[in-house]
Amino acid sequence: MNEFILLAGSKDTRIALVNQLQEIMDGYVRMSSYSVEEELPTTLHNQLVVLSHPLVLEEPKIRACLGTNCKLIIANRIINYENIDRLLYLPVGTKAYYVNDSLETCLESIESLKKLGIDHIHYIPYYPGIPHVEIIDLAVTPGAFELIPDHVQDVVSIGPRLMDISTIHQILDHFQLNGPGDVISQRYLRKIIQLSKRLADANQIATDLNKHLNEVLDGVNDGILTITQDGKITVFNEELGLLLGVSAKRVIGRHIRDVMDHPELIDFLFALSQEEDRWFTFGEVEVIVHRFPLNNDQSLVATFKNARKTIELERSLRSELKKKGFVAKYTFDDMIGESSILTRTKEKAKKLAKTDLTLLIQGESGTGKELFASAIHNASLRDKRPFLAVNFSAISEDLMESELFGYDDGAFTGAKKGGKVGLFEQANGGTIFLDEIGDSSLKLQARLLRVLQEKEIMRIGGSQIIPIDVRIIAATNKNLLHMIEQGTFREDLYHRLRVLFVDLPSLRTRTDDIPLLVRHFIRQSVHPQVTIKPEVIERLTTLPWFGNVRELKNTIDYMLAVCDEDIIQIKDMPWENSFLKSDHSHTEAPVIPDEEDELLLILRSIQTIAERGERPNRRRITEMSKDWAKPLSEQQIRSRLDVLESRGYIVKSRGPFGTRLTDAGLRVLK
């Protein structure tokens, strides 16, 4: 059989040419192939030698193996048609390096690409030793990956160039194989046709996808517009056409100024300011226009929302959330009271509501922690999103874990088929209120810490990480610092929760609000016509109210139930309550909750130190604590003084009088 020798410059080129020639010439001509990068044959004589490139002949090793009577054919090479489809889909004017081993091979390949009609790309030769060249993110190469600069982010490999049909005919002519020429030409053309078919299929897929996307865009309730940097319209859906009274099909490709007679809108679209949203009026329709850039192709997208429809949709969404119980019920206007300490606390909470940071609400039982959490959510940027509340003291540890994080199908015996979405997922985009966080177990605290750190959860029995966007508001009536010392609350979780904090005032510190609260509770009751004697209100303002507002409401409800002739009198007060005793009662003083003991001891110490004529400060209080059942450090005294000050019981000062008791603090001691 007829045989020739193929000599190539590189192994990759040799393999590509062998694959091409075997597929086209198989059955007619046999070949042996070698490359400069591999072992070359011994001296060749009386052979047809096909060289892959003129530069191959300049290699000393190649010249050394060429003996006598060898006929040389230097191949004409064309771009590898197997891999050029990616180039066809690059946008017109795209800049790309053409990377190869020399300027000559770069220029030859670029010229071949242009002759094939792939001239919509701006090719820049890149080869070893090239002088300064502009920075470009895209490179095209026949396989010279090692020469591509590090800053290039995207590479199109078109593979080594192939032999053109004229070179193949030269080989056939050498062996006087004119007969099979037509068959070989057909094989060659078949490869070109296969490429054409592949491109046609890809084009059909793109056409179908484009049709599908247009159907999607036309099905959207918002108007959608996309324009190029110079104002040419590329996307204009039917909804926008209806809004502007323009045929959507007739405006594609036209300049925006030729389609819209609205200078203010056009100025907004092309403005360099950071403004993203603006209201416009088209006829009788008010529209919110939102714009954002597409950085990849320097286009601009604008959406046109019908303001009335948007408002109606938000109302419908809130109605749906309300049905599920996912809506915060209270606002700051629902808080009854005009005392200075409550007013300051509300103003502080309103400011903290505007951030997305985690917040800890601390206060005694009955001071309105859930009311404040609800109001903070409604004053935040998440007010249109879900608000979910969960109480750690009301649910067992195992059940609480599944409620918060959800579970996958089959996670445990009795698990609901199909699994369950947890509260964190349901609250996504909104706020979750963790009430009585001090009652959570250490195991659950560890999982909550991960949520705060990573902003992600994993369902029980699941393996998928689920990212979440939830603001966490926690609340407690416990002394968390004391719990940290006892080892029942994680210190790292405490600091994660207390990024922001609000200390709610007790009712004892805002007795001026009691008359307002009493009248409010009566108006909200089933007996709004009932009146209350002034002496009853006066008596109510003198009581300690360790149960705070909740306890006051219970007392009002009791008196409303037992009063005669729609008048509440002194005789209707529930003297049986442990904290309500008459002037003549010999009942012992009420038992103060354990976490309050240290605070009362500190108040008494401040009073004792002041009565001795000394300046109350942390050092003196620490010395007095040595006689207590549990002495406190100066740092512990500092934290507890902060709590007392937040409740309005003391005023801290570095002056000659030191820390002093307020009237509220004196009332607590009495």
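The lining of the largest pocket has 13 nonpolar, 17 polar and 18 charged residues. Here Asp, Glu, Lys and Arg count as charged, Ala, Val, Leu, Ile, Met, Phe, Trp, Tyr, Cys and Pro as nonpolar, and the others, Gly among them, as polar. This is a predicted model: local features need pLDDT of at least 70, side-chain atom pairs count only at pLDDT 80 or more, and totals for chains, interfaces and linings use all residues. Residues are numbered from 1 along each chain as its sequence is written, and side-chain values use heavy atoms, without hydrogens or water.

Back to that pocket. Lining it are 48 residues, with Asp503, Asp642, Val643, Ser646 and Arg647 nearest its centre. Helix α24 gives the largest share, 8 residues.

Now the second largest pocket. Its lining divides into 10 nonpolar, 6 polar and 9 charged residues. Where does it lie? Between domain 4 (322-503) and domain 5 (507-572), because both give residues to its lining. Those bounds come from an automatic or database domain assignment. α13 (369-378) gives the most, 4 residues. α19 and α21 each supply at least two.

So, on to α21. Residues 548-562 make up this 15-residue helix. Which of its residues are buried (under 20% relative accessible area, 1.4 Å probe, protein chains only)? Asn548, Val549, Glu551, Leu552, Thr555, Ile556, Met559 and Leu560. Their cover includes α19 (514-524), α20 (534-540) and β26 (567-568).

Definitions and conventions
Expected span 1.5 Å × (residues − 1). Buried < 20%, exposed > 50% of the residue type's maximum accessible area, 1.4 Å probe, protein only. Contact = heavy atoms within 4.5 Å. 1 Å grid on protein atoms, 1.4 Å probe; cavity = no way out; pocket = protein on both sides within 12 Å on 5 of 7 lines; lining within 4 Å.
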